[in-house]
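These are my notebook entries on one chain. I set down what I looked up, in the order in which I looked.

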Amino acid sequence: MSTERYERGLRMLGAVDGETGIAVVDTLAKTFPDFARYIVEFPFGDIYAREGLGLRERELATVAALCALGNAAPQLRVHVHAALHVGCTPGEVVEVVMQMAVYAGFPAALNGLAVVRDVFAEVGIALPLD
C-alpha cells in the first residue's frame, strides 16, 4: 500500500483528522484492508489533495453534505471534529448546519445540531456561542 496516491492520501488524512483519522483507517484495515485503502486513496489522495479549495472549505462542505444526508451521524461527528481541527470556528460549523434547514429540511438540521452539540461538549466548547 505504498503507492504515491496512498501516501498523498495519508498526508491529507493526517492534515484533516490528525492521528484519530489514521487510527480509524488502521482499525478498518485489520478487517477490510481494501476498503481502508479506498478511503485513503480516493477522498483524501484524490479529492482533498486537489487545488481550488482549502481544507477549511472542504470540511465545511463535507459537514453540510453529511448533515443533508440525514443518515450519516457517525461520519458527521468525525467531520465536525475535522472542521475544528483544520481551523473552522465553532460559529462557522453551527451556521453551516443551520443553513441545511433551508436545503435539507429541519429534521436534518436538528439532527446535525445534535451532533454538533455532542462534539462541542466533548471538546469543551460551550453553547450557546457568544
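Which domains does the domain assignment of the chain give? I found domain 1 (1-50) and domain 2 (54-129), with bounds that come from an automatic or database domain assignment.

I note the basis of these entries: this is a predicted model, in which local features need pLDDT of at least 70 and side-chain atom pairs count only at pLDDT 80 or more, while totals for chains, interfaces and linings use all residues. Residues are numbered from 1 along each chain as its sequence is written, and side-chain values use heavy atoms, with hydrogens and water left out.

**Entry: the domain interface.** I looked up the separation of the domain centres, taken over C-alpha atoms, and recorded 22 Å. For contact (heavy atoms within 4.5 Å), I listed 9 residues of domain 1 against 9 residues of domain 2.

I then took the buried area, meaning the accessible area (1.4 Å probe) that two parts lose on being put together, summed over both. Between domain 1 and domain 2 it is about 680 Å², and carbon and sulfur atoms give 55% of it. On the side of domain 1, Val16, Asp17 and Tyr48 lose the most area to domain 2, together 64% of what that side buries.

Entry: I searched for salt bridges (a side-chain nitrogen of Lys or Arg within 4 Å of a carboxyl oxygen of Asp or Glu) and counted 0 between domain 1 and domain 2. Polar contacts require a pair of N or O atoms within 3.5 Å; within protein, one must be able to donate a hydrogen and the other to accept it, and residues adjacent in sequence count only if both atoms are side-chain atoms. By that rule I found 5 residue pairs across the interface, both residues at pLDDT 80 or more.

**Entry: salt bridges overall.** The structure holds 11 salt bridges. In one of them, Glu41 pairs with Arg5, the closest N and O atoms being 3.3 Å apart. Glu41 lies in helix α2 and Arg5 in helix α1, 36 residues apart.

**Entry: a cis bond.** I recorded a cis peptide bond from Leu127 to Pro128, with omega near -5°. Pro128 is placed in the segment after α6 (106-123).

Note on methods: Helix = DSSP H or I, 4+ residues; strand = E, 2+ residues; numbered from the N terminus.
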